[in-house]
Amino acid sequence: VVQDTFRGKPWIEVLSARKEEAALSHGSLRHLHHAHQQAERGNYSLAQGEVNRALNAPLPDHHRVSALALSARIQEKLGDIAGARAKWDEALC
C-alpha cells in the first residue's frame, strides 16, 4: 500500500509476501527465445534442442506449459506425431 511519497518516490507498506515456486532463469529465457527464433526459421531440430534445454530447468508452471506447447508444435513440424501428442498430454496435465 502506498502510504506517502518522499522525495518524489512512493513510501510503501508491505502487507504480505509469498515465495514463488520457481523463477524463470535468464538461461531458460534465452533457450526459449532461441527456440522460437529457430522454429520461425524452420530449423526445427535446433529449436527442439533449445526448448529441451529450457525444460530441463525448474520453470514456473505457466512457463512450463508454454514450453511444452512449443515443443509439441515443433514435434508436429518434425513429423513426430506420437512425440507431439506426448508433449500435449504433459502440457495438459
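This is a predicted model: local features need pLDDT of at least 70, side-chain atom pairs count only at pLDDT 80 or more; totals for chains, interfaces and linings use all residues.
View 1. Look past the neighbours within four places in sequence, and Gln-48 is in contact with Ser-71, Ile-74, Gln-75 and Leu-78. Phe-6 is another story: 42 residues away along the chain from Gln-48, with 50 Å between the two C-alpha atoms.

**View 2. Helix 2 against helix 3.** Here we have residues 44–55 (helix 2) and residues 61–77 (helix 3), whose axes come within 10 Å and cross at roughly 155°. Angles over 145 degrees count as roughly antiparallel, so that is how helix 2 and helix 3 run relative to each other. The crossing of helix 2 past helix 3 is left-handed. On the helix 2 side, the contact uses Tyr-44, Ala-47, Gln-48, Val-51, Asn-52 and Leu-55. Helix 3 answers with Arg-64, Ala-67, Leu-68, Leu-70, Ser-71, Ile-74, Gln-75 and Lys-77. Sort the residues of this contact by type and you get eight nonpolar, four polar and two charged.

**View 3. The largest nonpolar core.** This one is a set of 13 residues. Leu-32, Val-51, Leu-55, Ala-67, Leu-70 and Ile-74 are the members with the most contacts inside the core.

**View 4. Helix 3 against helix 4.** Now helix 3 turns up with another partner, helix 4 (residues 81–92), and the two pack at an angle of about 165° with their axes 8 Å apart. That angle makes helix 3 and helix 4 roughly antiparallel to each other. Helix 3 passes helix 4 in a left-handed crossing. From helix 3, the contact draws on Val-65, Leu-68, Ala-69, Ser-71, Ala-72, Arg-73, Gln-75 and Glu-76. From helix 4 come Gly-83, Ala-84, Lys-87, Trp-88, Glu-90 and Ala-91. By type, the residues of the helix 3 and helix 4 contact split into seven nonpolar, three polar and four charged.

Definitions and conventions
Residues are numbered from 1 along each chain as its sequence is written. Side-chain values use heavy atoms; hydrogens and water are left out. Axes are lines fitted to C-alpha atoms, for helices over the stretch in contact, and angles run from 0 to 180 degrees between N-to-C directions. Helices (H or I, at least four residues) and strands (E, at least two) are DSSP runs, numbered from the N terminus. Angles under 35 degrees count as roughly parallel, over 145 as roughly antiparallel, 65 to 115 as roughly perpendicular and the rest as oblique. A crossing is left-handed if the near helix is turned anticlockwise from the far one by less than a right angle, and right-handed if clockwise. Contact means heavy atoms within 4.5 Å. Ala, Val, Leu, Ile, Met, Phe, Trp, Tyr, Cys and Pro count as nonpolar, Asp, Glu, Lys and Arg as charged, and the others, Gly among them, as polar. A nonpolar core is a set of buried Ala, Val, Leu, Ile, Met, Phe, Trp, Tyr and Cys residues joined through side-chain atoms within 4.5 Å. Buried means under 20% relative accessible area, exposed over 50%, partly exposed in between (1.4 Å probe, protein chains only).
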